[in-house]
Amino acid sequence: MKEIANPYKPEIATIEDTWQETYGDRAIKTFKVVLDDEEIRENWSHRPGQCAMIGILGVGESMISISCSPTEGKFLRFSVMRAGKVTQALHELEPGDKMTVRGPYGNSFPVDDWKGKNILTIGGGIGQAPLRPIIEYVKANRADYKGLSLIYGARTSADLCFKDEFKALDERDDVNYHLSIDIEEEGWEHYVGFVPSLLMEVDPSPENTIAITCGPPVMINFVLQNLKELNFTDEQIYTTLENRMKCGIGKCGRCNVAHLYVCKDGPVFSYATLKSIPEAFA
Amino acid sequence: MERMKIGKEKFGDFLAALDKQLYAPQKVGETLRFVPITPEDKLDLEFSNTTVPPKSVLFPQTETLYRYELGKTDLNLPDDEAEKVLLGVRPCDARAMAIVDDLFSWDYNDPYYQGKREKTTVVGLACSDPEVNCFCTSVGGGPASTEGLDLLLTDLGEVYLLQPLTEKGNNLCREAAEVLEQATEEDAAAAEKLHQEAAGKIVRKVDTEGVTEKLMELWDHSLWQDLSRACLGCGTCTFLCPTCYCFDIQDEAEGLEGRRCRVWDSCMFAEYTLHASGHNPRPTVRERTRNRVNHKYSYFATKFGKIACVGCGRCINLCPVNIDILNILAEVIKEAI
């Protein structure tokens, strides 16, 4: 079989570093990986919002969003929640271990079209992973954008991802962030409540602003409602969809929402587009 | 190339003249399906249609993507495909190949499917005796339609008429030139008459005009609840559909030998869309039935400009609870404004 252009054949990558973001049954672990093939590593390019199929030979593959911006360097990051067989096996991997990677897949956040605008990200739980590349991209091209505001929440402070990175933002005056947890905890200095309520508390102006939200479906639904209440137009709101995926290239069939494939036509959708797809919020 | 003919008693000589791996319908247990044959094998082409469509040769039910040794990272791709001849393909199933071609060449080329497709010559067999649930004439086909075929055979009783349609078809006739005779005007006229008679025997019909839009208008209509209630989720309608191509990708390992393979899957299975979180965007037979019909008659048509149904009738014939896609479409047409 021809070696070239086999979209099912993955690259082999080596795990360089891992971080245990959260613990428990649905623990989240972040992997920093480097593609083994030097030429492919140098030529790899992805855009914020794209995904990759990562896996372990003998176990299987899962579609995971690439949680780093291409501006960070010649490596990839994946933040993986332990949920099924493949993600369980991924959590058992340590630095030096190998994984398979193919991609990048899907469309991306139109970050270049957003130049000159305020960027507002609204994340919940593992939903911060696909938002992180936007934040890093904007930070790397800071002069091209106006305000950068982050709203992020999780059930408890222990369930928040990227805690050190949020803390590091205290040193900067060009990024502001707001954190929330669902239930009061001793020593917690930020908001207590749900992310959609925190959004109303922050009360961002829709003027020249793009709002991007990722998180559990129930959170997204209320965030969308609240953004409308804050007078954001459908075109100013972006989110991502996720569905079960196997091929990543619009063939295997299962990730469709009506006539669109999340793996090809998504995962990024404007609210204006989503409203026209009957199955989008199923 | 001109039409040729061959006496049925010499058909084995025709096959023997072809230096290719031959596939033809054979009974395997209770099912009729395409399997490798030799020119000496007894051929029975007196069937209405096979149980399993010939997609099983181009898109096998289980197909190795690559092999590996556990603990190592070398990926071994399968060998190049041999030249194949698919023999006795019904025109509906050949049209299905032309439809599925679009999917496997959309955006990304699929080297596994295309590798087989390019090396395969499809020899069709015109229908003379359509089944009760055949409706090819309603979806752009017919008992002697040639789309997707390289060569069409018509059974004229004592002889087969051979109508080459593509360069691949011409090549087959050239390879077997010694055993073929030139067909006469009368042979061609007799074949034409048979084709028209066969078309006249198709009783089931549906008007597909505007159905792509009508289906989307009826997204939340109660007909989906009513017409899907009996569904057992067995997946037969999709596994045996010649235009269904959905697949899963699975790793298999035994000892140190591992492979990543793709296997047929079905949108009628609950697990097909089940997230690891437990959430399922298509949680019941209602959503899954709607997806099956919409995909064939609306989503695929929106994306590729053609309906992904060839009217072979298998999903109707083989459904254990008599769910009938023509009844569903009739209801859609009736309810749409």
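Colleague: Where is the place of A:Thr14 in chain A?

Modeller: A:Thr14 sits in strand β1 of chain A, residues 11-20. Helices (H or I, at least four residues) and strands (E, at least two) are DSSP runs, numbered from the N terminus. This is a predicted model, in which local features need pLDDT of at least 70 and side-chain atom pairs count only at pLDDT 80 or more, while totals for chains, interfaces and linings use all residues. Residues are numbered from 1 along each chain as its sequence is written, and chains are lettered from A and ligands numbered from 1 in the order in which they are written.

Colleague: Is A:Thr14 buried, exposed or partly exposed, and what is A:Thr14 in contact with?

Modeller: A residue is buried if 20 or more other C-beta atoms lie within 10 Å of its own, exposed if 12 or fewer, and partly exposed in between, with C-beta atoms placed from the backbone. A:Thr14 has 14 other C-beta atoms within 10 Å, so A:Thr14 is partly exposed. Contact means that the C-beta atoms of two residues, placed from the backbone, lie within 7 Å. Leaving aside neighbours within four places in sequence, A:Thr14 is in contact with A:Val33, A:Val34, A:Asp36, A:Gly96 and A:Lys98.

Colleague: Which residues have a positive phi, and which peptide bonds are cis?

Modeller: Most residues other than glycine have a negative phi, and most peptide bonds are trans. Here, A:Phe162 has phi near 55 degrees, and A:Asn231 has phi near 70 degrees. A:Phe162 lies in the loop between β8 (148-154) and α4 (163-168) of chain A. A:Asn231 is in the loop between α6 (217-229) and β12 (237-240) of chain A. A:Phe162 is buried, with 22 other C-beta atoms within 10 Å, whereas A:Asn231 is exposed, with 10.

As for cis bonds, one runs from A:Gly103 to A:Pro104, with omega near -5 degrees. Another joins A:Gly266 and A:Pro267, where omega is about 10 degrees. A:Pro104 belongs to strand β6 (residues 98-105) of chain A, while A:Pro267 is in the loop between β14 (260-261) and β15 (268-270) of chain A.

Colleague: How many residues does the contact take from chain B and from chain A?

Modeller: The contact takes 40 residues from chain B and 34 residues from chain A. On the side of chain B that touches chain A, β10(B) gives the largest share, six residues. That side of chain B divides into 23 nonpolar, ten polar and seven charged residues. Ala, Val, Leu, Ile, Met, Phe, Trp, Tyr, Cys and Pro count as nonpolar, Asp, Glu, Lys and Arg as charged, and the others, Gly among them, as polar.
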